[in-house]
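Colleague: I am new to this one. Please take me through it step by step.

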Amino acid sequence: MRESRTARTATDYESATGRIAGLPLRRHHVLLVAWTVLWFFLVEPSGGFSWHYLRQGEQLLFSDHPDGGLALYAHHPELQIGPVSLAVARLTAPFSAHTGQLIAEAAMSGLGLVMLVLIGRTAALYYLGTGTNHRRLQQRLLIAGLAFIPMWVEVSVRFAHLDDVLALFFTTLAVHALARGKPTMVGVYLALAVDSKPWAIAFAPLILALPRPAWLRSALWFVGLVAIAWLPFYLGNLDTLAAAKFTIPNQPASALRWFGVTDPATPWWDRPTQFALGLGLGTIAVWRGRWPAVVLLGADARILLDPSVYTYYTASILLGTLLWDAVGQKRLVPWWSWIALAALYGGTLFIPSDAGRGFVRLAFVVVSAAYVLFWPTQQTRRPRSPADGEGRRRSSRRRERVLTGTGA
C-alpha cells in the first residue's frame, strides 16, 4: 500500500514538474535542445562571419608584438571586444582555426540553453510563494524560447560574436543572482558583462533593484572589476582613449536616419547618448518596480541609436523580451518575444526598403519601451533582502530546491 502511494506521489510530482521518467530532464528542455540543434546545423555551414576578429584579438593580446598586449586597443580600435572575451577566446588557441571556431560555436549555442534554464529558475524564485502554476511557467518559457533560439544562433553561430554572447550570458547570471538576493554576485556578473562587451553597461541599473543597503557593496564590486579589466590598457598606452572614437558606417536602414542623422559614420555624440539612454530607461524601470524590463530597455537603446543594423543585435532584444515575458508578466503566451522576432528579424528579411526597416526598428523601440514602463500590469516585487531571518532563508532554500526544478 505504501509502495503504491509512493509511486503515485512520484508520478504526480513528475507530472507537476514536467520530468521525464524520473530523469532530471523536463519535456520542454528536450524540445528546446532539439530546436537549438536544428538551428545550429542549418546555420553552421555559413557561420563564423566575425570569428576572425576574436582569433586576431586573442593572439595580439597574449603576444609581445608592439601592437599587442596592453597596446592592443590603441593600435586596433576596430576590435571593440572586451578583454574577458579575448581571454575566453584564447581557450580555442590549441586548435586549428576551423576546429576552434566550431568548438566555440557549439559552446556558445549551449550557453543559450543554459540561459533559458536560468531564466526559468529566476521566474520560479521571483514568484515564490505566490501560488504560481509552474507548468504554465514552463509552457511560457518554451514558447518564448522557440523565438529566442533562432536569434541566439544568429549571434553565436552565424556571426560567432563571443563578446556579445558572454555579455548577455553574464547579464543573465546577474539577473538570477538578483532573484536569489546575492548582491555581491550581481555586481560581479554585471562587471564581467561589461568586461566582455562595453555596451553591457546599459544593464547596470539592475544593481538598483537590490535592497537599498546592498547597493554600495554591489556597486563597488562592479566598479572595481570593470577598472581591473580596462584600466591597464588605458594606463599602459594613453592612445587607447582613441578607441572610444572608433566609428562604423551609418547604414540607410538604421533608426538614426528617422532622426535626420545622415552622417556617413557614427556621430560623435551617438555612443554617449546610447549609454545614457539605456541607463536612464533602466533606472526608470527599477523606480517603477519593473526591473525585469531593464535588459529590454538597454537593448532598445542600442538598436535605436546604433548606426548599424546587424541581425545579431536582435539577440539582446530577444533576451530582454524573454525576461519580460517570463518574469515581468504572467501571460501564458509570451507575445513580446514573438513580436520582436517578427518585427526585427522578419522585417530584415521581408521589408524591401531601407527606410521601412528603419521605421520598424524605431516603432518597436518606442512601443516596447512604453509598454514595459507604463502599461498596467501586475505589480512586480523587489527581490528578497539578503538580510531576512535565518528561519525564512531555510524555508526559502527548501522551496527553492523544488521550484527551481519546475521553473526551468
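Colleague: Which residues in α15 does α14 meet?
Modeller: Helices (H or I, at least four residues) and strands (E, at least two) are DSSP runs, numbered from the N terminus. Contact means heavy atoms within 4.5 Å. From α14 come W336, I339, A340, A343, L344, G347 and T348. In α15 they meet R357, V360, R361, F364, V367, S368 and Y371.

Colleague: How many nonpolar residues does the contact of α14 with α15 have?
Modeller: Ala, Val, Leu, Ile, Met, Phe, Trp, Tyr, Cys and Pro count as nonpolar, Asp, Glu, Lys and Arg as charged, and the others, Gly among them, as polar. Three residues here are polar and two are charged. The nonpolar ones number nine.

Colleague: Which residues do the totals for chains, interfaces and linings use?
Modeller: Residues are numbered from 1 along each chain as its sequence is written, and side-chain values use heavy atoms, with hydrogens and water left out. This is a predicted model: local features need pLDDT of at least 70, side-chain atom pairs count only at pLDDT 80 or more, but those totals use all residues.

Colleague: Are α14 and α15 roughly parallel or antiparallel?
Modeller: Axes are lines fitted to C-alpha atoms, for helices over the stretch in contact, and angles run from 0 to 180 degrees between N-to-C directions. The axes of α14 (residues 335–350) and α15 (residues 354–374) come within 9 Å and cross at roughly 165°. Angles under 35 degrees count as roughly parallel, over 145 as roughly antiparallel, 65 to 115 as roughly perpendicular and the rest as oblique. The two helices are therefore roughly antiparallel.

Colleague: Is the crossing of α14 and α15 left-handed or right-handed?
Modeller: A crossing is left-handed if the near helix is turned anticlockwise from the far one by less than a right angle, and right-handed if clockwise. The way α14 passes α15 is left-handed.

Colleague: Which residues of α14 make its contact with α13?
Modeller: The axes of α13 and α14 come within 8 Å and cross at roughly 160°. The pair is therefore roughly antiparallel, and its crossing is right-handed. On the α13 side, the contact uses T314, I317, L318, T321, L322, W324 and D325. On the α14 side, it uses W335, W336, S337, A340, L341 and L344.

Colleague: How many residues of α13 are buried?
Modeller: Buried means under 20% relative accessible area, exposed over 50%, partly exposed in between (1.4 Å probe, protein chains only). By that rule α13 is mostly covered. Its buried count is 15 of 15 residues.

Colleague: Which residues does V155 contact beyond its neighbours in sequence?
Modeller: V155 sits in helix α7 (residues 134–158). It counts as buried, because its relative accessibility is 0%. V155 and T314 are 159 residues apart in sequence, yet 8.5 Å apart in space, C-alpha to C-alpha. Leaving aside neighbours within four places, V155 is in contact with A160, H161, D164, V165, Y312 and A315.

Colleague: What is phi of A160?
Modeller: A160 lies in the loop between α7 and α8. Most residues other than glycine have a negative phi. A160 has a positive phi, near 55°.

Colleague: Which residues does Y53 touch?
Modeller: Y53 lies in helix α3 (residues 51–61). At 35% relative accessibility, Y53 counts as partly exposed. Y53 and A160 are 107 residues apart in sequence and 9.7 Å apart in space, C-alpha to C-alpha. Not counting residues up to four places away, Y53 touches L79 and I81.

Colleague: What share of the protein is buried?
Modeller: The protein has 16 helices and zero strands. Among contacts between residues at least 6 apart in sequence, 76% join residues at least 24 apart. Of the 408 residues, the buried share is 54%.
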